[in-house]
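Have a look at the model first, then read on.

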Amino acid sequence: MEIHRSQFTKFSLFFISINFLSENMGFFTHWLNLYLGTILLLCLLVSYFPFKPMVVSKRLLIAGLFFSLLGFALLPKDIILRLTGVIFVLFGFGLFLRGLNYQPKEIPTLLFATSLYLFFIIFYKFHPFVWCGLQNLSLSFTASLSTLIRKDILLGHTFLGLFISLLLLFIILSLCLFSQKKKIFSLILSLVLVLFIQIVYVIGVAFLIEIFHKKDIFILILPTFLSLLLLIPLYFGLKDVEFQAEQTRGGKIFIPIIGLLVCFSIGFMTFPHPSQKSVSKEKVVFYEKGFLNWDIPTFNDFGAYSGGMFGNLPLFVARIGFEPIWTKTITQKILNEAKILVMINIEEAIADDEKKAIWEFVEKGGSLLLLGDHTFYKKGASNQLNDILEPVNIKYNFDSADYFIGGWLHSYQYLNHPITIGLEDIEDEPGIVVGASLKITHPAYPIIMGKYGYSDPGKEDNPEQAYLGNLDYDPNEQLGDIILVACQNYGQGKVLVFGDTSSFANSLLVFSHDFVNRVFSWLAE
């Protein structure tokens, strides 16, 4: 039993550490996640002491220290490199202990589980299908439970804690593969417990949110409770597990196979940032009509509205090598020589011949950039943006994509895409504020999401306040993983849709210009 307790301590430290390093535990700043995850990882390493060390191989000691230090150096990087760093730390520490004549029997299992999890994260980051699949599963699962328990709850996969449960499943699978005696009953019991606890967690969250939904701090750390509950199935999964004193032949094969799979996945799915070659004098057509103005700030006009709305955008586009063109009517002739069509806050119906011209333009290789905003009901109390988007699978929701932390700080989530490579969220680099969330189906795909945001439905009877809701989180609203920017290929062209116009407005363009430059450069390729 004492050995079992020791193993449970090690695996618990590992499980919680990886969840912090993967930022699965709810809203903590990136630095706090890194700090807590690193401290717990160090505690895992320390848990192997004390024992009577006896140096049997200085080469193993040196190699172990090298790999461990290299792993720790990778921890401050992004999540994929961070998990790679954990693999190096565990591998190096295993070598170090072997150099001291100690056989770390659990480390091959931890290495295998981390490798599986890393492999999954790579697919998640590089394939929108995985993100959309998890999101649809989470929304369907919580919506079904909501109906059964008659409590309002709708969680995205972040607040559902789906990654926490998946990590535990990878650990249980690793235990099955590396245990000397295959305790099938204990492992099946662990899997059943994971599902049961996931259901209990959602039901508990539904009741707690009804009471504490005005307490932002409580809501933001909800996934932490799931990780603690999942220590129960971890305990049963470890019950009576006996690890090999030495790796089995199968165990020796598994780790290099996973390493090769990870390397293959990185090489296969990673694509380089597109070269921002000169696109000199490519024409960008700006549709003049909409709920907007094209004023620019001047030193002769002061006050809250003196900065104008989008007047600086065409000037900026010209400075980065494009030729801006304005038009009040969209025709095939105007679009023939253009590369990008920009439409913002369209409030009146577009004529059928204009829509036909737009989609013929895109189908032949043009790019449509459509910018909208929250609760966008204008003339005729309808959303003309969705009317324009009818040929593609992207739609504006009648809501406000709101956040708990201003400017989506530490709350953005980017899928791998040319306009997001290298973006951070310590500051609001994309410049998105409160806009509408987007609804997509395949083959459309998300690019930027609000990981810790919520969808606040608009009020159709509130035109005086732009149809806004209460801008507070309520239990019936989607919590987490809100789509802010989405894209779809159409014919030979592409459609890029923003749920908010702030990134391109005069007031924020001075901060978001690097991001906006990426947007136009990618649309022009």
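Let's start with strand β12, which is mostly covered: 6 of its 6 residues are buried. Bear in mind that this is a predicted model.

Which way do the side chains go? In a regular strand they alternate between the two faces of the sheet. In β12, G493, V495 and V497 point one way, while K494, L496 and F498 point the other way, and all are buried.

Now for the neighbours of β12. Strand β4 (residues 367-371) runs parallel to β12, and 5 bridges join the two. Along that pairing, S367 stands opposite K494. Strand β11 runs antiparallel to β12, with 6 bridges between them, and A486 has V497 as its bridge partner in β12. β11 and β12 form a hairpin with 2 residues between the strands, and there G491 takes a positive phi near 65°.

On to ring against ring. A search of the whole structure finds 32 aromatic pairs. A pair like this is described by the distance of the centres and the angle of the planes. Here are two of them:

| Pair | Centre to centre | Angle between planes | Type |
|---|---|---|---|
| W359 and Y490 | 4.9 Å | 65° | edge-to-face |
| F498 and F515 | 6.1 Å | 70° | edge-to-face |

What does the W359 and Y490 pair tie together? W359 is in helix α16 (residues 352-363) and Y490 is in strand β11 (residues 482-490), so the pair links parts that are 131 residues apart in sequence. W359 has 7% relative accessibility, so it counts as buried.

The other pair brings us back to β12. F498 belongs to strand β12 (residues 493-498) and F515 to helix α18 (residues 506-524), so this contact ties together parts that are 17 residues apart in sequence. Are these two rings buried or exposed? F498 counts as buried because its relative accessibility is 1%, and F515 counts as buried because its value is 2%.

Finally, there is a cluster to look up on screen: ring pairs link Y117, F120, Y124, F163 and F170.

Notes: Residues are numbered from 1 along each chain as its sequence is written. This is a predicted model: local features need pLDDT of at least 70, side-chain atom pairs count only at pLDDT 80 or more; totals for chains, interfaces and linings use all residues. Side-chain values use heavy atoms; hydrogens and water are left out. Rings of Phe, Tyr and Trp (its six-membered ring) pair if their centres lie within 6.5 Å; planes under 30 degrees apart count as stacked, over 60 as edge-to-face and the rest as tilted. Helices (H or I, at least four residues) and strands (E, at least two) are DSSP runs, numbered from the N terminus. Buried means under 20% relative accessible area, exposed over 50%, partly exposed in between (1.4 Å probe, protein chains only). Two strands pair if DSSP finds at least two bridges between them.
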